[in-house]
Amino acid sequence: MKTDSPVDLRALLKDLKTLVDIESPSTDLAAISRVMNVVEGWARDLSAETRALPGGTREMNFGVQEGKKYILVLAHVDTVWPHRTLQGMPWREDGDRVYGPGTYDMKAGIVGLFHALRSFNKKWPEGGIRLMVTPDEEIGSPTSRGHIEQAAKGARAVLVVEPPVADSHHLKTGRKGTGQYIITFTGIASHAGNKPSEGASAITAAAEAVLALQGLARPDVGTTISVGKISGGTATNVVPAECSIDIDLRVSTMSEAERVDKAIHGWKPGDGRVKVSIKGGLNRPPFEQSPGTLALYEKAKVIAADLGFELGHEVVGGGSDGNFTAPIAPTLDGLGSPGDGAHASHEHVRLDRWPDHVQLLTRLIQEV
Ligand SMILES: [Zn+2]
């Protein structure tokens with residue numbers, strides 16, 4: 001750990017513990033707003049103008065001026081962890097790591113951001129900074145998506161304080177688009193021994209669909225398809241009338257998303273008596289690596305080199321709210337705290353690397 005760093009690690013940890021102590025699963029809006037209130041308090045201390053938007057998103061403006069392009073920062077306070085996770089997975093500092101639910105993804109990102117903002121002494125960059133703190137990123141951002149897209153329209157750059165890639169600490173310059181489909185098959189029930197031919201098996205149709213639809217994958221261009229859940233049937237001696245499958249789709253380009261969507265909707269079972277109903281679709285569009293994003297990364301890389309560390313970048317499979325802004329404004333993701341174990345019991349932040357990344361974010365905000 002560098003001793004000459006202007007970032008106070010103890011102060012970062014104190015703020016992080018404050019946020020982690022308030023458990024905030026996506027499904028509990030009251031808990032979410034308790035975390036929001038703390039963050040909004042920090043923003044008010046910096047004289048930010050704040051407002052609550054429908055659905056629970058809070059917008060916080062630091063020196064934003066009418067008619068001028070601002071820097072948009074995206075953060076979410078929800079976590080994948082249910083209440084009382086802290087009992088079995090408590091806050092724990094161990095050497096150069098701090099463990100706990102929601103540390104790495106992404107409460108430390110919010111804390112690092114506020115340490116950056118405080119260091120500006122209320123002297124905001126040209127056009128100001130708009131921070132969107134959202135309540136539902138981990139469940140696909142149903143209420144915040146519209147607010148995020150609207151905010152991106154006035155932004156000259158979007159910085160996402162999700163964590164960098166685990167281990168390598170690389171920034172994220174692209175993310176796959178994500179889709180979910182639920183397909184329900186409705187056949188005809190019949191006695192499996194006495195009248196099998198009168199039945200139309202929903203399970204047979206589902207089995208055909210699993211193989212046919214997974215066959216649409218093209219990993220060479222980033223398209224993966226996985227049926228993650230299947231359920232159906234009532235009893236061993238009944239030809240099943242019901243079955244359903246849940247599909248996870250990842251794509252690197254919009255054209256691939258369209259190809260797969262069309263094929264899913266066009267697919268027909270071998271037995272024409274089985275009815276097929278399809279729900280879902282593309283939830284987050286692909287965050288395609290653009291020249292604007294790479295230019296932001298180049299700036300970050302130069303700053304990192306000046307701070308004394310090497311900074312890489314990569315395209316990752318998981319989505320974030322950066323997927324919504326990337327088609328609208330240059331977006332750079334992974335500007336939160338280094339660590340590992342997102343959505344896993346070993347979730348932690350790397351204390352030896354965190355201050356460097358806070359400094360990186362601070363300088364980047366000043367220079368974009
Ligand atoms: Zn996250």
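In which order do the four strands of the open sheet that contains E4 and E17 stand, and is their pairing parallel or antiparallel?

**View 1. The open sheet E4-E5-E18-E17.** Four strands form this open sheet in the order E4-E5-E18-E17, and their pairing is antiparallel. Strand E4 (92-94) and strand E17 (339-340) stand at the edges with a single partner strand each, so one side of each is left without a neighbour in the sheet. Strands here are DSSP runs of E of at least two residues and helices are runs of H or I of at least four residues, both numbered from the N terminus, while two strands pair if DSSP finds at least two bridges between them. E17 is joined to strand E18 (residues 348-350) by two bridges, and Asp340 has His348 as its bridge partner in E18. Helix H4 (residues 103-118) lies across strand E5 (97-99), E17 and E18, running at about 55° to E18; axes are lines fitted to C-alpha atoms, for helices over the stretch in contact, and angles run from 0 to 180 degrees between N-to-C directions.

The model shown in all views is a predicted one, in which local features need pLDDT of at least 70 and side-chain atom pairs count only at pLDDT 80 or more, whereas totals for chains, interfaces and linings use all residues. Residues are numbered from 1 along each chain as its sequence is written.

**View 2. Strand E2 and its two partners.** Four of the five residues of strand E2 (residues 58-62) are buried, so E2 is largely enclosed by the rest of the structure; a residue counts as buried if 20 or more other C-beta atoms, placed from the backbone, lie within 10 Å of its own, as exposed if 12 or fewer do, and as partly exposed in between. Strand E1 (residues 49-52) pairs with E2 in the antiparallel sense over four bridges, with Arg51 opposite Glu59. E1 and E2 form a hairpin with five residues between them, and Gly55 in the turn has a positive phi of about 100°. E2 is also joined by five bridges to strand E6 (residues 129-134), again running antiparallel, and in E6 the bridge partner of Phe62 is Ile129.

View 3. Nine bridges join strand E9 (residues 177-186) to E14, where Gly179 has Leu282 as its bridge partner. Contact means that the C-beta atoms of two residues, placed from the backbone, lie within 7 Å.

View 4. The protein chain is divided into domain 1 (9-175 + 287-367) and domain 2 (177-284), with bounds that come from an automatic or database domain assignment. Their centres, taken over C-alpha atoms, are separated by 37 Å, and the contact takes six residues from domain 1 and six residues from domain 2.
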